[in-house]
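Please keep the sequence and the coordinates at hand while reading.

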Amino acid sequence: MEVGGRLPWMKYGSLVSLCVVLLALWFRPPQNAVLDNRLDAVLSSLLRAERKVGMNNVDRPKVAVGFGGCIDLIVDGVALLNKIGLMPSDQPLHHDYLENAEQLAQSFAYFFAPGAAAERFMLNDTLFSELVEGARDVPGNRWSIGGNAPVIAGRMATEGCDVLLGGRFSPDFTDVLPQHITVAGEVLEEQDIHLILEYPTGASWGRYISRRANRYIVHSDNHNPYLASMDEFAEKLKEFRPDLVVVGGLQMMDNFPFQTGERDALLSHLADLLSSSSPHIGIHFEMASFVEESIMEDLLRYVVPHADSLGMNEQELPNLLSILKGSNVTLLSDPNPRVATVLDQMREVYHILNQRHKDSDEASNSKPLTRLHVHTMAFQAMIVTHGSQWKNTMSATAKASLTANRHVCGSNDIDPSKARLLMDDSFSVSQQEGSQRIPLQESRAVSCWHENDYEICVAPVLVCTEVYQTAGGGDNISAAGLVLQI
C-alpha cells in the first residue's frame, strides 16, 4: 500500500522548490524565457507568502477529524473499462447510484467528457468485485490511504498538527497512518476498498475526450455511511481538547439504502456532537459530491449551521447555492469557471447562510459562517470575516495553491517546467457591470481586498501538467489552507 513516502520531506519543500526555481533560471532555453520568467516569479511569490507564517513545532495545533476511511485502489479509468470490455455508451446519463455495467458506462461518460469529479455508490456487489479484480491487473495501479477524513488528517499531521481521527480501521490501515495521528474507533477486520478511476486531460474513451484531468470514484461501502466511530470520537474529544474540528466524508450517506429514519438519526446525533463543543473551537465542514436533494437539505439542517468554515470545489459551490435558493441539485457545472463567477457565488452563499443564522430561532446553538474556501483547478479563493478567529488569510491562500500542485504532481518540490497558469492576466471581482479588474502581479501573486465585513483573497494555481493523482486533491488543499489559520 502506498502511504506517501514523500511526506517526511514536506518541511523542506519550500527550500527545495526555491532551488528548483534557481536551477530553472540557469538552464532555461532562450525561447521559453518569457513564459518561464512568469511561472518562476509566481512560484517565488507564492513561496514567500507561504513562508511568512511558520508553524510552531513546540506547540502543535490540535485538530479532530471525522469520519471513516477506506483503501483507495487508483487506476487508469479508461484502461480499466477497456480491460473489462465495457464499451463507451452512446447515452451519457446521470444515475444517482449504479446497479449494472450499462449504468456505469453511461455515468462515466456523463462526467468524463467535461472532466467533472464524481462519486457513486454501487448496489451491485458482484460487479464491484469484478471491477476491483480487473483493476488489480491494470498496469500502474496503486494502493493508497483513502477517505476524506484520513486524507485530511494525514495532511494536517504532516503540516505540524496533532490529530484525532474518527474512524474504524483495520490494523494494517492504522499501521501506515502518519505520525501524530490518534485513532478514535473500534478495529475493523477488513478495510473497504474504493475504486478511483483517474484520467488525464485529453484522455479519450470512444468518441469522448476529457476536457481536464479528474477522477470517477465508485464504491460499494456498507460501513462508512453509518459514521460508526462517532461515539468513540465524541468521548475522546473531551480529553483531546481540539483547536479545530473537521467534518468530512458525509457523501458516503448520499443515496445509501438506509432504513427509514436511520440517516436522520445519525445526522441528528452529529448535530448534537457539534453543538456541544465549545463555541471557541472552529468547526470546518468539507463538502463533496452530493446528488440527492434530501441529503443536501439534511446537511443544511443538521451540519452547516454548526460550521463556521466551509470548503468545496467549483462543482460543489453552485450545487450548494442552488439548494440554498430553492432550486434543484446541480449535477454539472463549468469545470473551469471564471474568478468573477466564483466570487459572486461565494458572496451569495456567505450572505444567505449568515442571514439564515440571524433569522434562526436556534441562533444561540448555531454559528455564523466566517470562512469560505473554494478550490478550483485554476485558482484558490477565500472569504474570511473581519475580526474572526481565522488568521493569515493571504498566506493560507498561497499555501492552498502550492499544495494543489504538490499533490497533483506527486512531489513536494514544485517544478515550473511541469506547470502552467490557467488564470487570466487579470480578473473582475464580480460579474456586475463596471466591476473592478485586478491584474495578476507575478511578484505579488496573492490578491487580497476588503468588502463589507470580510476579506477576500485569490491566488493562482500552478496547474500540474504531468498528473500523478487528482483524487484527494480537495482534501489536501483544504487541510493545508486551514493549518495556517488555526
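Throughout this account, a residue is called buried when its relative accessible area is under 20%, exposed when over 50%, and partly exposed in between, using a 1.4 Å probe and protein chains only. The model is predicted: local features need pLDDT of at least 70, side-chain atom pairs count only at pLDDT 80 or more, and totals for chains, interfaces and linings use all residues. Residues are numbered from 1 along each chain as its sequence is written, and side-chain values use heavy atoms, with hydrogens and water left out.

The disulfides come first in this description. With a disulfide defined as a pair of cysteine sulfur atoms within 2.5 Å, the structure contains two. In one of them, the sulfur atoms of Cys-409 and Cys-464 lie 2.0 Å apart. This bond links distant parts of the chain, since Cys-409 belongs to helix α13 (residues 393-409) and Cys-464 to strand β21 (residues 462-464), 55 residues apart. Helices (H or I, at least four residues) and strands (E, at least two) are DSSP runs, numbered from the N terminus. The torsion about the S-S bond of Cys-409 and Cys-464 is about 105°, and the disulfide is therefore right-handed. Cys-409 has a relative accessibility of 19% and so counts as buried; Cys-464, at 9%, is likewise buried.

The other disulfide joins Cys-448 and Cys-457, whose sulfur atoms are 2.1 Å apart. Here the S-S torsion is about 110°, so this disulfide is right-handed. How accessible are the two partners, Cys-448 and Cys-457? Cys-448 is partly exposed, because its relative accessible area is 32%, whereas Cys-457 is buried at 0%. When the bonded cysteines of the protein chain are numbered in sequence order, the pairing reads 1-4, 2-3. Two further cysteines may be noted for their accessibility: Cys-70 is buried, with a relative accessible area of 1%, and Cys-161 is buried at 0%.

Another salt bridge is formed by Asp-298 and Arg-263, whose closest N and O atoms are 3.4 Å apart. Asp-298 lies in helix α10 (residues 293-302) and Arg-263 in helix α9 (residues 262-275), so the contact ties together parts that are 35 residues apart in sequence. Asp-298 is buried, with a relative accessible area of 15%, and Arg-263 is buried, with 11%.

Lys-325 and Glu-348 also meet through their side chains in a salt bridge of 3.2 Å, N to O. Lys-325 is found in the loop between α11 (316-324) and α12 (339-359), and Glu-348 in helix α12, the two being 23 residues apart and in distant parts of the chain. Glu-348, at 30% relative accessibility, counts as partly exposed.

Terms used. Salt bridge = Lys/Arg side-chain N within 4 Å of Asp/Glu carboxyl O.
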